[in-house]
Amino acid sequence: MEAEASGLGGARERRVPGADGVELCVAELGEAADGDRRPTVVLLHGYPDSKEVWAPVAERLADRFHVVLYDVRGCGRSAAPRPLRGGFTLERLTGDFLAVADAVSPQAPVHLVGHDWGSVQGWEFATAERTRGRIASFTSMSGPSLDHFGHWFRRRLTRPTPRRLAQALGQGARSWYVYAMHVPVLPELAWRGPLGRAWPGMLRRSEGISGGGHPAPSLPRDAAHGLWLYRDNVRARMLRPREAPYAHVPVQLVTPTGDPFLSPALRDEAERWTPRLTCRSLHAGHWAPRTRPDRLADWIGSFVEECEAYGAHGEHGAHGARGGGEVGAPATVRRGGRRGRRGRARQEEYAEHFGGLLVLVTGAARGIGHETALAFARAGARVVAVDVRGEEVARTAELARLAGAQEAWAETVDVSDGAAMEELARRTAAEHGVVDVLVNNAGIAAAGPFLEHTADDWEAVLGSNLWGTVHGCRLFGRQMSERGQGGHIVNVVSCAAYEPTRALPAYCTSKAAALMLSQVLRADLAGEGIGVSAVCPGIISTSIIEDTRFRGTDERDAGLRRKRALQVYRIRRFAPERAADTVLRSVIRNKAVVPVGLEAWGGVVLARLAPSALRAFARINVRARA
């Protein structure tokens, strides 16, 4: 029957008897037509949610997969066990899952996805011997295995180091609510009273969640019943975790970086228990299925398709124990170790954060923009490379695909042209989706005394360096804001923004304006979950000098000045790859202003401690005399 009150439009509901005969409410979307063997994806909800928490993700997956959701016993439209005590053990929940899997996909294993307590259950199912062969893959978010959790704490308490003790204490503080769940009677009274009434408003204020059937009207009852998830399982598994809880399926671990309840350190030992592990980091809070459904749907869909392809060409993931890295195997991202593996660990970190994201880079034909596009490509992002040089930017897109980009496209656009940028933003959103990371990098320079700069010089420099940045921030920033799921803008500025020189009046002015714009936007868009970073490179070995307009000199003098400037850049030998690396790190760490290079950092220090010294340097006449 149709689930009108469930918040799952078009879903078909049925009742399935679970363990001990407890009746479970199961909803299905995108059910495979006769002869069409679509993979089945089962979405498990957490506490104190019902299956409706998955509605935005389920709707995005339904056109590609057979999507199944069910209310855990005691929640939503499923029945509660009687008595409640002892009715929510992981063993009984495993029986419920097997009953649902047999009902919705009797011939093939299912792909399991869990959030919060749904993830805790998912880890149990993915490691239990009785479920072997019924699960093809598992995607986990915001919920650890209780066995892994127990071993994690035991390791930190029995083999302590300052770092391990700090991690244990930190997670202990984050888990304050778990202790409260074990108090008799009072939590039930709170959920059936003031807490149940206040919960929707708390979600709205903390993460911006409202409407869409979540939370369900049955929340007070669901939360009171769900307390037994904690009481029946946490203490027993934490004190006596299973000795070998190894996952027998490929696992994708999604870590929301803003989750207030779980420390990212919990994933440090996940590889120990999971032979095939893919790690992802997501800029989101705890309720990512509601706040970032697009990103989760992309990652879930890609992981399911990879596992299906692996199963079609070899041993199915539910049965094998192969490691990652084989042809056809799901991509594996592992945590880096010590002793010379820092570069590998950093690349893995980039893959966790940017895999599958849509990144647009302007000025991508050469220099920093070119290397930034390739850096995102190596991290597995989808890349849109933009530049006014059509042939060169097409080459950047081609190299991005070869470097590992999921997809890459080239766009020939002049960023100073407002109408062209509007068309670019419209076309990008229509064909590829909303940009997750925008890198405004395009820029040009003009050198010479202020009085020798022409109006055309000023229009060209401000058009590219300032108006190009304004157009990008305004158009793509608006799309990020309207989507309501965050994003990041990086404006590649310059240390010239705070280091004045008489040789570059238009360039310094444009970069100073772009730096202030970045800081204003950072404050303005913070409430939208959109980060803004200003990356300020110093002397980087790029082709900008070759394209610089030199004013106030004859042709011979201009050539000498260009040659001298090129010599300085060659002597400095600061590769654009290092600036590109800083761009990626600025997004991960959400840094406001990031100098790149010794001269850039020196300028920051002087600007704060000795601004008069910077003004003195600005008066130096840098003209080359014949």
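**Exercise 1.** Describe how helix H4 packs against helix H9.

*Solution.* The axes of helix H4 (residues 146-158) and helix H9 (residues 219-239) come within 8 Å of each other and cross at roughly 45°, where axes are lines fitted to C-alpha atoms over the stretch in contact and angles run from 0 to 180 degrees between N-to-C directions. H4 is therefore oblique to H9, since angles under 35 degrees count as roughly parallel, over 145 as roughly antiparallel, 65 to 115 as roughly perpendicular and the rest as oblique. Next, the residues: Leu146, Asp147, Phe149, Gly150, Phe153 and Arg154 in H4 meet Asn233, Val234, Arg237, Met238 and Leu239 in H9, contact meaning heavy atoms within 4.5 Å. Sorted by class, this contact holds 6 nonpolar, 2 polar and 3 charged residues, with Ala, Val, Leu, Ile, Met, Phe, Trp, Tyr, Cys and Pro taken as nonpolar, Asp, Glu, Lys and Arg as charged, and the others, Gly among them, as polar.

The model is a predicted one, in which local features need pLDDT of at least 70 and side-chain atom pairs count only at pLDDT 80 or more, while totals for chains, interfaces and linings use all residues. Residues are numbered from 1 along each chain as its sequence is written, and side-chain values use heavy atoms, with hydrogens and water left out.

**Exercise 2.** Repeat the analysis for H4 and helix H5.

*Solution.* The axes of H4 and H5 (residues 162-174) come within 9 Å and cross at roughly 135°, and the two helices are therefore oblique to each other. On the H4 side the meeting residues are Phe149, Trp152, Phe153, Arg155 and Arg156, and on the H5 side they are Arg164, Leu165, Gln167, Ala168, Gln171 and Gly172. By class, the contact has 5 nonpolar, 3 polar and 3 charged residues.

**Exercise 3.** Which residues have the most contacts inside the largest nonpolar core?

*Solution.* A nonpolar core is a set of buried Ala, Val, Leu, Ile, Met, Phe, Trp, Tyr and Cys residues joined through side-chain atoms within 4.5 Å, buried meaning under 20% relative accessible area with a 1.4 Å probe and protein chains only. The largest core has 86 residues, and those with the most contacts inside it are Tyr47, Tyr70, Phe97, Trp117 and Tyr230. Its largest share, 8 residues, comes from helix H2 (residues 90-104). Leaving aside neighbours within four places in sequence, Trp117 is in contact with residues including Leu146, Asn233 and Val234.

Key: Helix = DSSP H or I, 4+ residues; strand = E, 2+ residues; numbered from the N terminus. Buried < 20%, exposed > 50% of the residue type's maximum accessible area, 1.4 Å probe, protein only.
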